[in-house]
Amino acid sequence: MKPIKVGVLGLGTVGGGTVNVLKRNALEIARRAGRDIVITHASAKDLSRQRICDTQGINLTEDPFAVVNNPEIDIVLELIGGYGLAKDLVLQAIANGKHVVTANKALIALHGNEIFEAATAKGVMVAFEAAVAGGIPIIKAIREGLSGNQIEWLAGIINGTGNFILTEMRDKGRDFADVLAEAQALGYAEADPTFDVEGIDAGHKLTILASIAFGIPLQFDKVYTEGITQITRIDVEFAEELGYRIKHLGIARKRPEGIELRVHPTLIPERRLIANVDGVKNAVLVYGDAVGPTLYYGSGAGAEPTASAVVADVIDVVRALTSDPENRVPHLAFQASSIQELPVLAQEQFVTAYYLRLTAEDKPGVLAEVTKILAAHNISIEAIIQKEPHSDKSTLPVIMLTQKTLEQEMNAAIIEIEALPTISGQISRIRLETLG
Ligand code: HSE
């Protein structure tokens, strides 16, 4: 059989890793795919730059449209990132009847609905396993492996850079900026690293996971995102004393009222496996009604782990080439005609437990006032600890864990507590999930 010809857009970290894996494992890949897969063309923004891959035998250009418009090419790998040029290239490739494999979570989260529609109309495939959790085959697991289940919720550490920063801060007391610079040097971080630390990248990935879990359209604009920049060492230490770890989680939960889509720092019990996922590693916990909890773990960023997912998609596309386009695995797991417009809940409607840290005056009756406000908002306290007084001797930190409550009740209670003359500064509030 004729070899499949692949064109690669972008030869940076992911593109370079993909070229290396496709070349190094060419024989095994051909045994799996049933035919040879050859990279014939590739584009890069600046061909004079040093590469991590060997481009011998590949026709190189600085014009990515020359690749997507080349009639020889069967599959285009979009490994540029971003959603301006990348979107134009992907839509052009589809219009030209080419299959597309992409690692671009931002592109899929923001423009996936349009891209899949164009691909379906043209009968071509768009595969995007590498867009979520790097090398972990989480899309395949949910879309195919768990397809007999009703997915109730999922929670994931889906940004390697953020997890790397939190881990280094906790274990080594390192500085935020210093760890971020290392993540950038290692090729983990996004071109704009605020995407990593402010939860935007995790929000892109959560958008995709929620769609394939619940059969809803991709809707990044409805995801609540909160980053890790406000996390202090003191909260990390108090959380540990109470038996919790702080992780930056993406959470999607289906409730009778609608879907919760949220990314934020979260306390989770340290005995949970996912609490022990450290460094650049990612993990996604998925709860299906039939199977119960399942956990997927591995490298969420980096050249070859991401390439592992890209190449698996290429092999899937090659294997499916002969199948009837109507009977391929649907892009978003559910048949396009069965995608449901379920309501996505506003932040005020989230239901979660909380860790609160407040600075209180060291005198009788202060805690009674605080607990009275919480009770008035129907918020039950799970635990309360009063720590040693601060160096001023007149105030002390108070840590509280609450039971689950509606977020709007907690917002209102926090405003009232912060207004008490005996409470100083802002309350540090971190959501808490038992993930049981
Ligand atoms: N910046 C991303 C991360 C890369 O750190 O997880 C993988 O998507």
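Trainee: How far does a polar side-chain atom of Glu190 lie from a nitrogen atom of the ligand?

Mentor: This is a predicted model, in which local features need pLDDT of at least 70 and side-chain atom pairs count only at pLDDT 80 or more, while totals for chains, interfaces and linings use all residues. Residues are numbered from 1 along each chain as its sequence is written, and side-chain values use heavy atoms, without hydrogens and water. A polar contact is a pair of N or O atoms within 3.5 Å. For the polar side-chain atom of Glu190 and the ligand nitrogen, the distance is 2.6 Å.

Trainee: Which residue has a side-chain N or O atom 2.8 Å from an oxygen atom of the ligand?

Mentor: Gly160 also faces a ligand oxygen, but through a polar backbone atom, at 2.7 Å. The side-chain N or O atom at 2.8 Å from a ligand oxygen belongs to Lys205.

Trainee: How many residues of the shell around the ligand are charged?

Mentor: The residues around the ligand (a heavy atom within 4 Å) include Lys105, Asn159, Thr161, Tyr188, Asp196, Asp201 and Gly300. Ala, Val, Leu, Ile, Met, Phe, Trp, Tyr, Cys and Pro count as nonpolar, Asp, Glu, Lys and Arg as charged, and the others, Gly among them, as polar. Three shell residues are nonpolar and four polar, and the number of charged ones is five.

Trainee: Which elements give two or more residues to the shell around the ligand?

Mentor: Elements are DSSP runs, with helices (H or I) of at least four residues and strands (E) of at least two, numbered from the N terminus. Those that give two or more residues to the shell are helix H7 (160-172) and helix H10 (200-214).

Trainee: Where does the ligand sit?

Mentor: On a 1 Å grid over the protein atoms alone, a pocket is an open set of points with protein on both sides within 12 Å along at least five of seven lines, whereas a cavity is a set where a 1.4 Å probe fits but cannot get out; lining residues have an atom within 4 Å of a point. A molecule sits in one of these if more than half of its atoms lie within 2 Å of its grid points. The ligand sits in the largest pocket.

Trainee: Which element gives the largest share of the lining of the second largest cavity?

Mentor: That lining includes Phe128, Ile139, Lys140, Arg143 and Asp316. Helix H6 (138-145) and helix H12 (303-320) each supply at least two of its residues. With four residues, the largest share comes from H6.

Definitions and conventions. A polar contact is a pair of N or O atoms within 3.5 Å; within protein, one must be able to donate a hydrogen and the other to accept it, and residues adjacent in sequence count only if both atoms are side-chain atoms.
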